[in-house]
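Reader: Hello! I would like to walk through this model with you, one topic at a time. Could we start once the structure is on the screen?

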Amino acid sequence: MDEVISLFPTPFLRAPAALPPLLVQGLLEHFSAAALQENNASANLSHTRMLKPSDSPLLLDVASLITPKLTEFGALMFGERMGWSLKEMWVNVLDSGGRQAVHNHANSFISGVVYLTPTDESSRTVFMKSPGGHDFSFKNDHAGVVTGPFNADKWISPMPSLGDMVLFPSYLMHAVPPNAGARRITLAFNAIPLRLDSWGYTVGFSG
Ligand SMILES: [Fe+2]
């Protein structure tokens, strides 16, 4: 029997209803009006300043719900359940027509998004393979090509519901295509492990 093995896959966690509706409502009421900082990717995208869990009891509630999931997800990335801390958090307000350019998150290990409003199909978060770009490239890309996990260069995440969360390694490139629907509001965040240890070579992090 032939077997195909998915070597070195990337973990991606979907947590349906990670935040309860009351907390989602509280976050929307408290933070969507504070999203006053423009984003250079689009005139229809704005975000709050960087927030810390200690900035609001609402964010402390978010941190207490998310942190156990960081520990589990971190165990997939680093092979050990260890202490994790949620550091920057920010709220993104993406109006109709707005988009977010391809990016990843520096100085972080796990990043995540919680969807605070319904999301239009057009503005589901898209994840990409690292583009490379230091050499000539060869592709087989045409109408007859069947796309699967080994030849795809992007993945459109499934339609989220209100309160759903996704977690992904911070190096993973992602973007939000132009929003053809109504205002879409998300809470994004970065997280770090307290310490990594490679046979006694340790490094500690603080947010
Ligand atoms: Fe992002």
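Reader: Which residues do ring pairs link into a cluster?

Author: Happy to start there. This is a predicted model, in which local features need pLDDT of at least 70, side-chain atom pairs count only at pLDDT 80 or more, and totals for chains, interfaces and linings use all residues. Residues are numbered from 1 along each chain as its sequence is written, and side-chain values use heavy atoms, with hydrogens and water left out. Rings of Phe, Tyr and Trp (its six-membered ring) pair if their centres lie within 6.5 Å, and the cluster linked in this way consists of F12, F127, W155 and F168.

Reader: How many aromatic pairs does the structure hold, and how far apart in sequence are the parts that F12 and W155 tie together?

Author: The structure holds 8 aromatic pairs. F12 and W155 form one that is edge-to-face, 4.8 Å centre to centre with 75 degrees between the planes (planes under 30 degrees apart count as stacked, over 60 as edge-to-face and the rest as tilted). F12 lies in the segment before β1 (13-15) and W155 in strand β8, so the parts tied together are 143 residues apart in sequence.

Reader: Which protein donors does the iron ion have?

Author: Donors are N, O and S atoms within 2.8 Å of the metal (3.2 Å for Na, K and Ca), and water is not among the atoms, so sites may look incomplete. In sequence the donor residues are spaced H-x1-H-x68-H. H105 sits in the loop between β5 (100-103) and β6 (110-115) and H174 in strand β10 (residues 173-176), 69 residues apart; both are buried. Lying 2.1 Å from the iron ion, the protein donors are H103 (NE2), H105 (NE2) and H174 (NE2).

Reader: Which residues is S108 in contact with, leaving aside its neighbours within four places in sequence?

Author: S108 is in the loop between β5 and β6, and at 11% relative accessibility it counts as buried. Its C-alpha atom is separated by 9.5 Å from that of F189, 81 residues apart along the chain. Contact means heavy atoms within 4.5 Å, and the partners of S108 are K87, S170, N190, A191 and I192.

Reader: What is the nearest side chain of opposite charge to D164, and how far away is it?

Author: D164 is placed in the loop between β8 (154-156) and β9 (165-169). Not counting residues up to four places away in sequence, D164 touches A15, P16, A17, A18, V113, V114 and Y115. A salt bridge is a side-chain nitrogen of Lys or Arg within 4 Å of a carboxyl oxygen of Asp or Glu; for charge, Lys and Arg count as positive and Asp and Glu as negative, while His and the chain ends are not counted. D164 is buried yet has no salt bridge, and the nearest side chain of opposite charge is R14, 4.8 Å away.

Reader: Which residue in the hairpin of β12 and β13 takes a positive phi?

Author: Helices (H or I, at least four residues) and strands (E, at least two) are DSSP runs, numbered from the N terminus, and two strands pair if DSSP finds at least two bridges between them. Strand β12 (residues 195-198) and strand β13 (residues 201-204) pair in the antiparallel sense over 4 bridges, with L196 opposite V203. The hairpin has 2 residues between the strands, and the residue with a positive phi near 50 degrees is W199.

Key:
Buried means under 20% relative accessible area, exposed over 50%, partly exposed in between (1.4 Å probe, protein chains only).
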